[in-house]
Amino acid sequence: MKKFIIFIVVCIFTTSCAFGAALSKKVSKASIDLEVETKDGFLLTSKLYMPKEKRKKYPLVVLLHSLGYSSAYWIDLQSKFNQAGFAVLEMDFRGHGKSIYTANFRKTNWRYMSEKTYKKYPSDVCDVLLYVSENYKNISVSNMAIVGADIGANTAILASSKLKTKPIALVLISPSAKFKGLYTPIILADIGNVPICVPLSAKDRYSQTQAYYLKRFAQGPYYIKTYPYGGIGMLILKVNKGITTDIVNWTVQEFNSKLKVKHK
């Protein structure tokens, strides 16, 4: 049996906006702390942020951070997705942020983890999503986008292949064919017609090469957008003005396109 510990944080709502509407400068402070114990006894820590807007069901965005970082480094991406009407799930990967302990209080750091451990990341994502779907009925895991950076991008691809309902969209910041044993090309082909946006830094030649290589395997729309500054993964978020707005707007566009198809 998995054991789940939920810590409810005081929720303060500051603004509201319609799904896909213009983004407000105010930030929602609503958050719920989640701690999920995996089958192998690791404690995964995540935060769930809810928009102020009242709905029966919220679409979901999952944010998967870069190697060596944590969910604290997403700049304003979470708040902008909340303002656009999405619930947002930020995960700390094993060995990162607050996800550093087993149930027996054994500490783990990403610097000393094997590829075998990194290969558990996609299943970890699916475990947390299962918990959210079972315990938060107002969140639609089947109506979801995933944003991942470097190892988070690779994890997003591999986790998507394990889900019964594929994501509506993927944002892959600096993806690669293989990262810490997470091999993506074949799986990218298997996930089918999922729209993909790939933000990159013009100074990150390796990621550019990798992104164009992976484009060969994509079965759906695959957009590469290059920004002038920064390096691999989450580094480009801090130094490129407007990138987080671009990511949110593209995701909203894909969700709205999906809704139009459903209503035809």
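**Figure 1. Lys180 in the loop between E8 and E9.** Lys180 is found in the loop that lies between strand E8 and strand E9 (182-183), here shown in a predicted model. The phi angle of Lys180 is near 50°, a positive value in a residue other than glycine. Most residues other than glycine have a negative phi. With a relative accessible area of 34%, Lys180 is partly exposed.

**Figure 2. Ile75 in the loop between E4 and H1.** Ile75 has its place in the loop between strand E4 (58-64) and helix H1 (77-83). Phi of Ile75 is near 55°, which is likewise a positive value in a residue other than glycine. Because its relative accessibility is 44%, Ile75 counts as partly exposed.

**Figure 3. Strand E10 and its neighbouring strands.** All 6 of the 6 residues of strand E10 (residues 196-201) are buried, so the strand is largely enclosed by the rest of the structure. Both faces of E10 are covered, with Ile196, Val198 and Leu200 buried on one side and Cys197, Pro199 and Ser201 buried on the other. Strand E7 (residues 169-173) runs parallel to E10 and is joined to it by 2 bridges, and within this pairing Leu170 stands opposite Ile196 in E10. Strand E11 (residues 222-227) also runs parallel to E10, to which it is joined by 6 bridges, and here Ile196 stands opposite Tyr222 in E11.

**Figure 4. Helix H6 in the β-α-β unit.** Helix H6 (residues 205-215) forms, together with E10 and E11, a right-handed β-α-β unit. The buried residues of H6 include Ser207, Gln208, Gln210, Ala211 and Leu214. Seen down the axis of H6, its buried residues fall within an arc of 165°, so they line one face of the helix. What covers these buried residues includes strand E8 (178-179), helix H5 (185-190), E10 and E11. On the face of H6 turned away from its buried side are the exposed residues Arg205 and Thr209.

**Figure 5. Helix H3 and its buried residues.** At 1.5 Å a residue, the 15 residues of helix H3 (residues 121-135) should span 21 Å, and the end C-alpha atoms of H3 are 21 Å apart, which agrees with that expectation. The buried residues of H3 are Tyr121, Pro122, Asp124, Val125, Cys126, Asp127, Val128, Leu129, Tyr131 and Val132.

**Figure 6. Surroundings of Asp124.** Asp124 lies in helix H3, and because its relative accessibility is 3%, Asp124 counts as buried. When residues up to four places away in sequence are not counted, Asp124 touches Thr38, Leu44, Met91 and Arg94. The C-alpha atoms of Asp124 and Glu37 are separated by 9.5 Å, although these two residues are 87 residues apart along the chain.

**Figure 7. The protein as the setting for the close-up views.** The protein has 8 helices and 11 strands, and buried residues make up 55% of its 264 residues. Among contacts between residues at least 6 apart in sequence, 76% join residues at least 24 apart. The protein exposes about 12,500 Å², and carbon and sulfur atoms supply 54% of that area.

Key. Residues are numbered from 1 along each chain as its sequence is written. This is a predicted model: local features need pLDDT of at least 70, side-chain atom pairs count only at pLDDT 80 or more; totals for chains, interfaces and linings use all residues. Side-chain values use heavy atoms; hydrogens and water are left out. Buried means under 20% relative accessible area, exposed over 50%, partly exposed in between (1.4 Å probe, protein chains only). Helices (H or I, at least four residues) and strands (E, at least two) are DSSP runs, numbered from the N terminus. Two strands pair if DSSP finds at least two bridges between them. A crossover is right-handed if, with the strands pointing away from the viewer, the path from the first strand over the helix to the second runs clockwise. The expected span of a helix is 1.5 Å times one less than its number of residues. The arc is that of the directions from the helix axis to the C-beta atoms. Contact means heavy atoms within 4.5 Å. Accessible areas come from the Shrake-Rupley method with a 1.4 Å probe; for residues, only the protein chains shown count as cover.
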